[in-house]
Amino acid sequence: MRDQLLDAFSELHGHAKPALLLHPRLGDPGPEDSSIGGPLLWPEDEPWPTCSLGHHIDGAPPENGDVYFDDPLFLQPVLQLFARDLPDGHSLPSGADLLQVLWCPNDHPDPPDAFGLHWGPSLVVRSRSITDITDIVDEQPRPHTITSYYEGLPACELGIETVEDYPCIVDLPEETAHLIDEDAEAWENGIPLGSTAIPWPTYVDHMGARRGMKFGGHPPYGPTAPLPMACECGAELEHLFQIDNPKNGPIDLTLGRGNLLCVYHCPRSNDHPHRIRLQ
């Protein structure tokens, strides 16, 4: 259907961005491997990140309200991606060799790295040069508390697929968005002869921003609409990757109010803070 839409509606051409779909498969990744939920190539001389923010624990006794830990909680590995594993034409931001993402697997009332986000995880993002890592930690600490719906993140190896990713309807330019017919029923078996507009469900299901674990490409939008997002330096933030439940995969996460989390970064510097949004 995607190719048919591109053939029938030339206005869609030129709006694609390259993206990588990250297909997790259960395995035994090591710290030298790209992985989801696996061990990290973490420098021995760098403290393991912790979270000292307030956590809301689902199922806690009502009289306790939000539970705040006295001791910092070690973060959990979410994603490790080596530049050497990326297909030709793809790279990590600012020429880094290694991207690492960790999170606190609990809900936070208002994480400082979030845009309009409530009850979601808080993340740490590291971009590295491998040559700076001489010795790695032997034992990697684990968080002492994990909210139940963050538990579905087993250690997974990665298959990486190159795709062309098209914008969500809300991100289409005005001169192209008029093609989408919000009231029309979805096409199931091809494009009817003489069609001049695309039903909203057809575009969402077959053309819009891809779901699943994804690096690069366009952000999808669910219960939240796009908002202007700028770095403290003034640069517009770019979609870096998304954490999502791949269909028929080994990962089973429920993130805050939704089931997909997008991470944005500053294109000017890896040292500038990232931001996140739940969709």
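These points cover the sheet and the salt bridges of a predicted model.

1. Residues are numbered from 1 along each chain as its sequence is written, and side-chain values use heavy atoms, without hydrogens or water. In this predicted model, local features need pLDDT of at least 70 and side-chain atom pairs count only at pLDDT 80 or more, while totals for chains, interfaces and linings use all residues.

2. Ten strands form an open sheet with antiparallel pairing, in the order E7-E6-E5-E2-E8-E1-E11-E12-E13-E14. Strands (E, at least two residues) and helices (H or I, at least four) are DSSP runs, numbered from the N terminus; two strands pair if DSSP finds at least two bridges between them. At the edges, strand E7 (120-128) and strand E14 (275-278) each pair on one side only.

3. Strand E2 (residues 35-36) runs antiparallel to strand E5 (residues 76-82), and two bridges join them. Ile36 stands opposite Leu79 in E5.

4. There are five salt bridges in the structure (a side-chain nitrogen of Lys or Arg within 4 Å of a carboxyl oxygen of Asp or Glu). One of them joins Asp165 and Lys214 at 2.6 Å, N to O. Asp165 lies in strand E8 and Lys214 in strand E11, so the pair ties together parts that are 49 residues apart in sequence. Asp165 is buried at 0% relative accessible area, and Lys214 is buried at 0% (buried is under 20%, exposed over 50%, partly exposed in between, with a 1.4 Å probe and protein chains only).

5. Arg25 and Glu157 also meet in a salt bridge, at 3.9 Å, N to O. Arg25 is in strand E1 and Glu157 in strand E8 (residues 156-165), 132 residues apart. Arg25 is partly exposed at 43% relative accessibility, and Glu157 is partly exposed at 29%.
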